[in-house]
Amino acid sequence: MKPIGHWLNRTDKALTHAMNGVLSEFGLTRLDWQVLNVLGDTAPEATDADVLSALAAHADVRTLGASVDAVLAGGWAARPTPHRLALTPDGRRRLAAVTERVAAFRERSMAGIRPDEYRTAVRVLERMARNAEDDDAHHDPSTAS
């Protein structure tokens with residue numbers, strides 16, 4: 001049996017590749033779509049810090065900045081004031097169409113997986129991440145007293 005890290009990496013790469021394919025017709029990547037979701041969830045506006053904080057586990061600051069720039073250039077979002085982002089009316093409309101496609105993709109990717117199995121997998125992965133983060137904090141010399 002391959003270790004969990006193998007399957008985590010393989011799953012993430014497969015999901016990213018497949019989602020990028022689904023999203024390409026909209027001129028988006030998976031990360032761009034995630035940026036748009038942060039903006040949609042923090043309506044009417046989000047700060048750059050909101051986006052960076054929400055997606056820090058998904059990409060580094062430079063890569064996230066490139067996705068922010070991409071959604072701005074694509075007219076999905078605008079800057080109502082410096083360091084603030086908001087979906088444009090057209091971006092909100094287009095995001096609704098993207099959301100439908102992503103929902104269909106999720107349904108296909110979940111084929112043969114019961115909802116309780118999915119919830120269990122997520123809970124186990126969350127627990128493993130927290131355990132590893134807690135262990136990392138215990139071994140971080142900067143936190144030593």
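**Entry 1: the sheet**

Two strands count as paired if DSSP finds at least two bridges between them, and strands (E, at least two residues), like helices (H or I, at least four), are DSSP runs numbered from the N terminus. I noted that this is a predicted model, where local features need pLDDT of at least 70, side-chain atom pairs count only at pLDDT 80 or more, and totals for chains, interfaces and linings use all residues. Residues are numbered from 1 along each chain as its sequence is written, and side-chain values use heavy atoms, with hydrogens and water left out.

I looked up the strand order and found an open sheet of three strands, 1-3-2, with antiparallel pairing. Strand 1 and strand 2 are the edges, each pairing on one side only.

I then followed strand 3 (residues 84–87), which meets strand 1 (residues 46–47) over two antiparallel bridges. There, arginine 84 is the bridge partner of threonine 47. Strand 2 (residues 77–78) also pairs with strand 3 through two antiparallel bridges, and here alanine 77 has leucine 87 as its partner.

How many residues lie between strand 2 and strand 3 in their hairpin? I found five, and histidine 83 in the turn has a positive phi of about 65 degrees.

**Entry 2: the largest pocket**

I needed the pocket rule here: on a 1 Å grid over the protein atoms alone, a pocket is an open set of points where a 1.4 Å probe fits, with protein on both sides within 12 Å along at least five of seven lines, and lining residues have an atom within 4 Å of a point. The volume of the largest pocket is about 1400 Å³. Among its 31 lining residues, Thr11, Asp12, Leu15, Arg30 and Leu125 are the closest to the centre.

Which elements give two or more residues to this lining? They are helix 1 (4–24), helix 2 (30–41), helix 5 (89–109) and helix 6 (115–138). Helix 6 gives the largest share, eleven residues.

**Entry 3: a charge and a ring**

I found the charged end of arginine 94 over the ring of tryptophan 76, 4.0 Å from its centre; the rule asks for NZ of Lys or CZ of Arg within 6 Å of the ring centre and within 35 degrees of the ring normal.

How values were computed
Points joined across faces, edges and corners; volume = space filled by probe spheres on them.
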